[in-house]
Amino acid sequence: MALSNTNAPILEVRNLKKYFKVKKGMLHAVDDINFTIARGKTLGIVGESGCGKSTLGRTILRLTEPTSGEILFEGKDISKYGKSQMRRMREDMQIIFQDPYASINPRMSVSQIIREPMLVTHKFPDTAQREEKIDHLMETVGLAPRLFNAYPHELDGGRRQRIGIARALALDPKFIVCDEPVSALDVSIQAQILNLLMDLQDSMGLTYLFITHDLSVVKHISDEIAVLYLGRCVEKAPSRELFANPLHPYTKALLSAIPIPDIRAYNKSMEIIHGEVPSPVNPPAGCRFAGRCPHCKDGCIGKDPEFRSVGNGHFVACPYAEALA
């Protein structure tokens, strides 16, 4: 498929694994993940804390080195790239971090923070061109010109995150990992930042990997959603399809926990997940949700479930998914 096609995959992840060596063995943070993201689209990654969402995003960007697997960006396997090759790739692949204060240098002004990537990469060697670019980025993300020489401690969380977004856009990237970019913000500010990200995607043709634990947020922004549990992808589908027809028991439990602002829904049924999350260190073969699943059967233990298609772009790692629907 030609890369000029707007629906062509800009990113393809094949059998990606990231293990960390700990005292008791190997911690399986990301374990055999596969997906593609079409150019200009958003893949949402959801799951509870500790499921490997952020590690997945950082491994794709090579901020954390993968244990094995392939990361194909525009058809090229960047998992084998050296430091100099990855330095050039940084212009096309960027990240927006979760904490808008911890991720920026408090000793730098707004303009210095946005300018820094340009200085490091020498992409805009002309001073006048750089300053014009900074002014344009500040206007694009909604930062007033009067904040040009302001410092992060003088600003609220929403403006700090806008600085982080402007910095991510400074090198004109094609792909951005959004690592829970609104979880530290107030609800009203969350909506503003989400709308800004969607507007930027439309105007600049950006592709997002959007990581979050908030299912209401991911539904708003994502074209497709992948559900992670203990380092494994248990379900992936187009956003509307996943919310209308969840198949994996874990996905159903997550969706049933979404608060509904309607008193008439007070008595709605919830699928409560019992038990403790098992250790990701040296996990046994079989479904990792089996110990907490009310529908667990003999076929769930001892053999890893196949991540299979059930039609309509819907994939699930549960052999009994259709029977439980």
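This is a predicted model: local features need pLDDT of at least 70, side-chain atom pairs count only at pLDDT 80 or more; totals for chains, interfaces and linings use all residues.

A: What follows is a walk through the sheet, strand by strand in part, and then through the helices.

Eight strands make up an open sheet with mixed pairing, and their order is E6-E7-E8-E3-E9-E10-E12-E11. The edge strands are E6 and E11, each of which pairs on one side only, and the twist from one strand to the next averages 20°.

Two of the pairings can be followed in detail. Strands E9 and E10 run antiparallel and are joined by six bridges, with Tyr229 standing opposite Arg232 of E10. Strand E11 (residues 308-311) and strand E12 (residues 314-316) also run antiparallel, joined by three bridges, and here Ser309 stands opposite Phe315 in E12. E11 and E12 form a hairpin that leaves two residues between them, and Asn312 in the turn has a positive phi of about 60°.

Strand E8 (residues 207-211) includes Thr207. Thr207 counts as buried because its relative accessibility is 0%, while the cut-off for buried is under 20%. Leaving aside neighbours within four places in sequence, Thr207 is in contact with residues including Ile10, Ile37, Arg39, Lys174, Phe175 and Gln201.

Helix H6 lies across E3, E6 and E8, and runs at about 155° to E8.

H5 is mostly covered, since 11 of its 13 residues are buried, among them Gly158, Arg160, Ile163 and Leu169. These buried residues of H5 pack against strand E6 (93-96), strand E7 (175-179), helix H3 (110-121), helix H4 (127-141) and helix H6 (187-204).

The axes of H5 and H6 come within 10 Å and cross at roughly 20°. H5 and H6 are therefore roughly parallel to each other, as angles under 35 degrees count as roughly parallel. The contact is made by Gly158, Arg162, Ile165 and Leu169 of H5, together with Ile189, Gln192, Ile193, Leu196, Leu197, Leu200 and Met204 of H6. An α-helix has 3.6 residues a turn, so residues three or four places apart point the same way. H5 passes H6 in a right-handed crossing.

H3 and H4, two of the helices that H5 packs against, also meet each other. The axes of H3 and H4 come within 10 Å and cross at roughly 125°, which makes H3 oblique to H4. This crossing of H3 and H4 is right-handed, and residues including Val110, Ile114 and Met118 in H3 meet residues including Arg130, Ile134 and Leu137 in H4.

Among the buried residues of H9 are Pro249, Tyr250, Lys252 and Ser256. The buried residues of H9 pack against strand E9 (224-229) and strand E10 (232-238), and also against helix H7 (215-221), helix H8 (239-244) and helix H10 (321-324).

Methods. Residues are numbered from 1 along each chain as its sequence is written. Side-chain values use heavy atoms; hydrogens and water are left out. Helices (H or I, at least four residues) and strands (E, at least two) are DSSP runs, numbered from the N terminus. Buried means under 20% relative accessible area, exposed over 50%, partly exposed in between (1.4 Å probe, protein chains only). Contact means heavy atoms within 4.5 Å. Two strands pair if DSSP finds at least two bridges between them. Axes are lines fitted to C-alpha atoms, for helices over the stretch in contact, and angles run from 0 to 180 degrees between N-to-C directions. Angles under 35 degrees count as roughly parallel, over 145 as roughly antiparallel, 65 to 115 as roughly perpendicular and the rest as oblique. A crossing is left-handed if the near helix is turned anticlockwise from the far one by less than a right angle, and right-handed if clockwise.
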